[in-house]
Amino acid sequence: MTNKSFVKFENVQKSYDGEVLVVKDLNLEIPKGEFLTMLGPSGSGKTTCLMMLAGFETATHGIISLDGNPINNIPPHKRGIGMVFQNYALFPHMTVYENLSFPLEVRKLSKTVREEKIKLALDMVQMREFGNRRPAQLSGGQQQRIALARSLVFEPDLVLMDEPLGALDKQLREHMQYEIKHLHERLGVTVVYVTHDQSEALTMSDRVAVFNDGVIQQLASPPDLYEQPENAFVAQFIGENNKIMAEVVDVKGSVVTAKTSKGNLLKSKKVNCDEVGSKTTLSIRPERIKVGSKGENTSEAKVLELIYIGDHIRCRMLVEGDENFIVKIPNAKKISDLKIGLKTQVSWSTGDCRALDRLV
Amino acid sequence: MLASQNNNNQKMLTTDGIPLKKKLSKALFRSRLRAFGLVTPLLLLISIGFVFPIIVFLTRGVYNDTFEKYMVNLTPILAEWDGKSEPTEDMYEALVLDLVWLKETKNIGKVASRMNRELSGSRSLFTSSARKAKKLEAPFKESLTKVKKKWAKLETWRAMKVTSQSLSPVFLASALDMKYTAEGTIVQKSPERRIHVKLFIRTLEISLVVVIAGLILGYPVAFLLANLPIRISNLLLILVLLPFWTSLLVRTTAWIAMLQGQGVLNDLFVVFGIATDEDRFTLIYNKAGTLISMTHILLPFMILPIYSVMKTIPPSYVRAAKSMGATNWTAFWRIYFPQTIPGIGAGAILVFILAISFYITPALVGGQDGTMISNFIDYHMRKSLNWSLAAAMGGVLLVIILFLYWIYDRVVGIDNMKLG
């Protein structure tokens, strides 16, 4: 049981001012060894959740438990949770070695044990020869590695990471993503990771919790999140997405027929829409759209812009009154007949189009 | 525009063929000139109004030519005299000649006061002898000793020998409670005449106590300022700065009203039964008064540098320490406190340097045992008019400050200091 819900949030609420709830009724179970990412725009409550778990914020309501024990009233230093901070928080007045030694010293470990553990931790991040440097003498990526080693050196069961790669440049960030992922796989430690970068979340996580407005919008594995978004926010936030506003006119089993503002009838998969007469957002991924041929659903289109990306062509079109309808055309076919201003048709299969809630 | 890059070893040239370095310095010359022009007024003001007078004044501490300038006949003879043997007739003759000339040119007062500093009682000796000098006849040794017996004393002549040397450590020695003798040795003054060293030590002691008290009182305030929500901390900052904007004199006099025998604080003590009405605390016109008011006046100088450093320390450091298992105290002492040391260093040295030369406050509330070296310098500047001694004492104070600053640099490191 504790293995399945190593970390557990039960009906957790958080308010800073007593007027607005930053986290609204959060329920979340994280099994041991999982890499869970909290993903969301800034102000969505994801960092607050992490801080409550770490003990730096108190939950206004609800219970947070770790390994079966409620930890609401346990101060942060007794929780035994490792943490990596956004700007690493490496102690500037200490060397790398002293930084790593600190968590072991406060645990009153003997000198020989400390040396052993620090050596292992430095080896783990391939930073063995940097022990005598000060943090300021290290590059961003190296600092990041030391911060990682420091959070793991006292062998916690749970490590929290608060946008740890935010300060790195793109290339290094991608490299570190793999490194953290591999480290997690090797050590089997439970990781709760906070980020606002969706590609980071998809790359690294076992499961992703998408936060918005203090609520988990969807909790799923990365493929499910991308392929089967449950509401318009998730569809919009994860990857690129085309949305068509429409009104439900018929529901048959799992197929919804909706009418666009232009009067076109489109069929889509019923996911998260109300009864006949309500508004819905139809969501289609740009790579699932065919240009120039008829299909299960067909719509008039006009080419507005063509951007050459390399492996594909990004084509912005006017479809159903939306000027930002994006189609990705693989760079395999002959695409030279596409011209700006060309009037054509776009089509997609019913299974690729999801009828979601109305986007406010 | 583009430099020719056919050969790396060759000088870089512009397209016109002029060396790049030459062109660059030419291009920068105008902006350098403008920058210099902008600071020139301040530079002139500081050098004319500040640096130059200080240097001129400080030289007074080691150079005083009053005697040499007016006693033209006697000075060269005194320089050759060994300071032990009986004064010769030549010396007496030269002395009488000089006295006559001084009387005529009405400069006798200057030399008399200068001599009086070296040997008390010399003023009347010189002025009265000068009045009669014109009528004296050879042998001058006899006739002059008839006028004043003191002229026969070796002590008088030794004092004249010391005074006749324009460039001498006589005032410096005096500033350090020592005496420069006619033989050129330096000996300690008799214990009851030693006052300056005691005063220097007291000044250092008061400054140190003010620094420590300011640190103990100011550190928590700075911490609050840096960590409270911005709205409250701004209000608090105004409270810290408010006394800053009030005149030093006003603040000191306010402390007089607070601390005096019939003052607010003593009244409160009586009300709460801490003191009886007849036996009130003496909180002012002594060292306690100086310490209390100086600590208060200098507190903002301690708080502000520490605050500015604390403000730059992100809360994530302490959080990180706690997440690693450190208690509140460990996280503070091992992580937070070491990072505030640059602020503490800046605040401490700022307060210390200001305190060591504090003047108005100890003058007003210091009484007997609360006065500091600057009050004594002021006394010699304005009352005793012994500017040379004042300059020597100022010089010693300057050297002490520079020395402490040097030690501070060795221990804490000036680079570690952060003022804002």
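## Ring contacts and an antiparallel sheet in a predicted model

The charged end of Lys14(A) is placed over the ring of Tyr16(A), at 5.0 Å from its centre. The structure is a predicted model. A further contact of this kind involves Arg150(A), which lies over the face of Phe91(A) at 4.5 Å from the ring centre.

**Aromatic pairs**

Over all chains, the count of aromatic pairs comes to 19. One of them is formed by Phe91(A) and Tyr317(B), in a tilted arrangement. Phe91(A) belongs to the loop between β6 (81–84) and α2 (96–105) of chain A, whereas Tyr317(B) belongs to helix α15 (residues 316–323) of chain B, so the pair joins two chains. Phe91(A) and Tyr317(B) are both buried.

Another pair, edge-to-face in geometry, consists of Tyr219(B) and Phe332(B). This pair links distant parts of the chain: Tyr219(B) is in helix α10 (residues 196–227) of chain B and Phe332(B) in helix α16 (residues 328–356) of chain B, 113 residues apart. Tyr219(B) has a relative accessible area of 10% and is buried; Phe332(B), at 24% relative accessibility, counts as partly exposed. Both residues are members of a cluster linked by ring pairs, which also includes Phe223(B), Trp329(B), Trp333(B), Tyr336(B) and Phe337(B).

The geometry of the two pairs is as follows.

| Pair | Centre to centre | Angle between planes |
|---|---|---|
| Phe91(A) and Tyr317(B) | 6.4 Å | 55 degrees |
| Tyr219(B) and Phe332(B) | 6.2 Å | 80 degrees |

**The sheet of chain A**

In chain A, five strands make up an open sheet with antiparallel pairing, in the order β15-β19-β16-β17-β18.

Strand β19 (residues 343–348) of chain A pairs with β15(A) over two bridges in the antiparallel sense, and Ser347(A) in β19(A) is the bridge partner of Lys290(A). β19(A) also pairs with strand β16 (residues 297–308) of chain A, here over six antiparallel bridges. In that strand β19(A), Trp348(A) is the bridge partner of Asn297(A).

Between β16(A) and strand β17 (residues 312–319) of chain A there are seven bridges, again in the antiparallel sense. Opposite Glu305(A) stands Arg316(A) in β17(A). The hairpin of β16(A) and β17(A) has three residues between the strands, and Gly310(A) in this hairpin takes a positive phi near 130 degrees.

Note on methods: Residues numbered from 1 in each chain as written. Chains lettered and ligands numbered in written order. Predicted model: local features only at pLDDT ≥ 70, side-chain atom pairs only at ≥ 80, totals over all residues. Heavy atoms only, no water. Phe/Tyr/Trp six-rings, centres within 6.5 Å; stacked < 30°, edge-to-face > 60°. Helix = DSSP H or I, 4+ residues; strand = E, 2+ residues; numbered from the N terminus. Buried < 20%, exposed > 50% of the residue type's maximum accessible area, 1.4 Å probe, protein only. Lys NZ or Arg CZ within 6 Å of the ring centre and 35° of its normal. Pairing = 2+ DSSP bridges.
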